[in-house]
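Hello,

Here is the structure I said I would pass on. My notes follow it.

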Amino acid sequence: MNQKEELLLRAIGGIDEELVLNAQPRSERGGRIIWWKKGVLAACLCLLVGLGAVGVHLLRPSQTPGPAADTTAEQGERAAVDVSDLLLQPGEEVFTEDVLYVQTLPVAGRAAEYYQVTTGSRGNELLSESLGEPLENADNWYRLAGHDELQYLILRGENGYSLWEFACFVVWDEEQASEAAQTEDWGEYAWMKDVEFSPYRYDNVLQTVYGITGAQDIVSITVTPNQMDNTDAGKALQREIGTKTIADENDIAALYDVISGITCLGGDHWERIGFNNTNLLEGVRLTRNLTIELADGRTISALKYTAMTNRFYENGGVAYEALSAEDAAAVERILGIER
């Protein structure tokens with residue numbers, strides 16, 4: 001393993017051989033396998049529904065060209081794709097493997113991680129017809145037709161089309177940045193030499209990736225209990241907490257003001273989030289999952305909040321700086337968290 005590969009592995013969370021176990025990646029996709037650290041899986045059982053031994057398959061940023069693109073219509077002239085048509089439909093069961101496929105792409109001057117999304121049967125048929133504008137500086141990657149935002153992308157690979165969703169921008173600490181600066185051979189990752197790896201504000205994601213310019217773009221926010229404890233006691237507490245829908249404009253605006261100002265510290269920061277050696281029932285009581293519903297019908301379900309450390313976080317241990325006591329109290333009131 002060369003220095004650059006080592007640096008990339010560390011940037012996404014490193015390797016834990018104990019988690020290799022039974023995960024079998026699809027060999028035709030190429031690339032290499034890396035694994036979430038053991039603490040990630042132990043700390044957040046809701047990382048991804050249905051994942052057992054959670055593997056991460058890091059694909060190459062420049063894929064082998066796939067099937068020829070449909071030239072019957074200009075990509076930019078196609079009707080806007082309804083993302084919900086591409087995703088799994090209610091009650092639809094699709095076989096999925098225990099491997100999480102990750103792609104690092106150049107987006108807005110940063111390195112953005114995307115996770116592959118399992119599409120439904122109808123979605124599989126629609127992907128080839130859903131290509132929009134090509135993603136800049138990334139071969140065979142496309143926006144969805146009729147969409148300028150970058151929440152979802154389509155990869156045209158050698159075995160067909162696949163759907164990907166934005167996860168986070170990559171953040172490197174001082175040690176990683178120093179090593180990167182001394183690296184001479186970046187190989188296929190040469191484009192990463194000039195991107196920004198510092199912590200970033202969430203409004204950068206809201207605007208650049210999701211196309212959200214203000215609270216007016218948000219219709220409602222659905223708040224649900226975290227499922228980290230699935231014992232009988234944990235499930236009973238989840239039912240007691242129930243689901244809450246936030247539709248009041250003032251509450252949405254207040255949440256937006258807080259969320260847009262939080263600073264992301266990058267992934268694999270479970271120690272900051274506070275789930276290590278935590279009573280899981282207490283974690284359920286003080287933690288909520290947020291699903292943000294947008295005016296154009298899209299949803300964003302990445303953000304979570306825990307009152308254990310007064311901070312927002314996402315899957316993969318993506319942590320944000322802790323809120324001030326004043327902001328935390330306002331957020332917890334709106335989300336319905338009682339200490």
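Below is what was found, starting with the basis of the values.

This is a predicted model, in which local features need pLDDT of at least 70 and side-chain atom pairs count only at pLDDT 80 or more, while totals for chains, interfaces and linings use all residues. Residues are numbered from 1 along each chain as its sequence is written, and side-chain values use heavy atoms, with hydrogens and water left out.

The protein chain has eleven helices and 17 strands (DSSP runs numbered from the N terminus: H or I of at least four residues for helices, E of at least two for strands). Of its 339 residues, 50% are buried (under 20% relative accessible area, with a 1.4 Å probe and protein chains only).

Helix α8 packs against helix α11 (residues 325–335) at an angle of about 140°, with the axes 10 Å apart (lines fitted to C-alpha atoms over the stretch in contact, with angles from 0 to 180 degrees between N-to-C directions). Contact (heavy atoms within 4.5 Å) involves Asp-251, Ala-254, Leu-255 and Val-258 of α8, and Asp-327, Val-331, Arg-333, Ile-334 and Leu-335 of α11.

Regards
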